[in-house]
Amino acid sequence: MSIAAPARTWAGRFPWEESAFWLLLAAGFWLWPKHLALASQVLIAGLFALSYDLILGYAGILSLGHAAYYGLGAYAAGLLATHRWGEPLSGLLAGACCAGLAGFLTSFLVVRGQDLTRLMVTSAIGLLLFELANRMANITGGVDGLSGMEMAPLLGAFRFDIYGRTAYGYCLIVTFVVFLGVRRMVHSPFGWSLRGMRDNPSRMLALGYPVQRRLIAVYTVSAAIAGVAGALLAQTTQFVSIDVFSFSRSADVMVMLIVGGAGVLYGGLVGAAVFTLAYHYLSALNPVYWQFWLGAFLIAIVLFGRGGVLGAFERISRYLRERRRAPAAQP
Amino acid sequence: MMPALRTSGLGKHFGGVRAVTGVSLALARGARHAVIGPNGAGKTTLINLLTGMLAPSEGDVYLDEDRVTGLRPDQRVKRGLARTFQINNLFPDLTVMQSMLLAACEQRGVAIDPWRPVSSCRDEMTAAHAILRLLHLDGAEDAVVRQLPYGDQRLVEIALALACKPRVLLLDEPAAGVPKAESQALFRAIAGLPEGVTVLFVEHDMDIVFRFAQRITVLVSGAILTEGAPEDIARDPTVKQVYLGSR
């Protein structure tokens, strides 16, 4: 009797592939020393996508307004830093708390409906906050953005340097710690119940699950994590653009997750890397038409790579394993 | 003796359509009570009213004489009211044990724990295994639900409901769609249900009804036509006319 079979992702162990993934990121200081700022952006986007994966990939809540919480986290940390509170960790906590509180308050609206209603409600929340930030330009900086932040050294020892070394280390550690927490959560009975609610909410209700309350809980956690990602962005770039609330930011995180693979933990991180690097390099080749290639890639993913990059990777690995096994089975 | 489940004037109207009207039932503890009736008689609506999936337009539901009419479905499950579905409502991509753990973890209050590794839920696995053994599904723990024969999937429906530790179990057409060849296992499962559990079942298969029911309620057009012991119902000419068909 096994609880892990056949869904391998339900197992809670930490295999060597995962260790290798994080060691590779840690080796980034030596492997891509000139691109640490870009790598930080990838990690922040990955953390944001991880937060979105919790609600979409695990709990099945479709959202087009997740940038609302990302933006709130960014402005909370940014405003603290512009008001002489540049200590990074407390700023991060403030970002998480603001976004988590907003997530909790708005979750009651979000979890009530089904997919289309949720899309409308979440995009409306994003638009409301965008316009609010625009209207309150005296606080947020409006379309000019929020600048003038002064970040204190991390842990009182590591100054944010121009090469982005501290920022990269900071982003990596925060992303890793949050990832471990999320990983633990999705392998817990609570995490299992999220999948149950995604796959069959009416049965979960009949099993005694207070489905809406559990969705509110995971939505709040997800919003808080999005807030952490936003706060990281504000602290490491020392600037917050009103664009953090934009509809396209919410759409981008959905694309990242679909590209990487939803509901598999690493999908958000991989999708964020693919998306951010594609944006960086393709837009350098052609700043106007770069999204053409992204669109082509998305169509290819839908047609041939169900489950995103990780889904395709797993199918290819399985195919190769079976091919290797096939000749050995023949006499 | 205090009834385990009681309804008083229960009704549900959809606009001008009275799907269920004035249904008053009382089931003693440990009873095996069948609700029969032609298609559209309101049997599944009645189950949905009892479980709280539908809010009644009139009347009340009592569990051990506690009024539960305003409670949510999950709250009623916590009070000991579990159900199965007429059409399989399972987790097709999970294994039988994974599905059972979903039920057992919530029943034992650990499903809210975000830090405990699921592999440490040994007590819940033991409880789930005991139920699977009771239903003769103990060889199927690792089978993916969608790959099970249909009859076994119906048994998983019952197993999930039993994992909620019900005092009252509502079976909505447990034999629906089960081929004759697989029906014996289902009969055995129903016969083996714990005696302390009150069972209300809605069923079209008269073999099951007359084999297991101690009392039968006949529902026609949302209202109770008659209620009685199986032999009385079998002899009742009105029942024959509206349900079994007259010659």
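Of the 331 residues of chain A, 50% count as buried, where buried is defined as having 20 or more other C-beta atoms within 10 Å of the residue's own, exposed as 12 or fewer, and partly exposed as in between, with C-beta atoms placed from the backbone. The model is a predicted one, in which local features need pLDDT of at least 70 and side-chain atom pairs count only at pLDDT 80 or more, while totals for chains, interfaces and linings use all residues. Residues are numbered from 1 along each chain as its sequence is written, and chains are lettered from A and ligands numbered from 1 in the order in which they are written.

Let me continue with chain A. It has 15 helices and zero strands; these are DSSP runs numbered from the N terminus, helices being H or I of at least four residues and strands E of at least two. The radius of gyration of chain A is 20 Å, close to the 20 Å that the globule rule gives for 331 residues, so chain A is as compact as a globular protein of that length. This radius is taken over C-alpha atoms, and the rule is 2.2 Å times the number of residues to the power 0.38. The C-alpha trace of chain A spans about 75 × 50 × 40 Å along its principal axes.

How many residues of chain B are in contact with chain A? There are 37, and they meet 25 residues of chain A; contact requires C-beta atoms, placed from the backbone, to lie within 7 Å. On this side of chain B, α2 (73-78), α3 (96-107) and α4 (122-134) each give two or more residues. The most come from α3(B), with eight residues.

I turn now to the sheet in chain B. Six strands form an open sheet in the order β7-β8-β9-β4-β10-β11, with mixed pairing; two strands pair if DSSP finds at least two bridges between them. Its edge strands, β7 (81-83) and β11 (223-228) of chain B, each pair on one side only. Within chain B, strand β4 (residues 32-36) and strand β9 (residues 198-202) pair in the parallel sense over four bridges. A34(B) stands opposite F201(B) in β9(B).

Finally, consider one residue. R18(B) lies in strand β2 (residues 17-23) of chain B. Is R18(B) buried or partly exposed? R18(B) is partly exposed, because 17 other C-beta atoms lie within 10 Å. Leaving aside neighbours within four places in sequence, R18(B) is in contact with G11(B), H13(B) and G222(B).

Notes. Contact = placed C-beta atoms within 7 Å.
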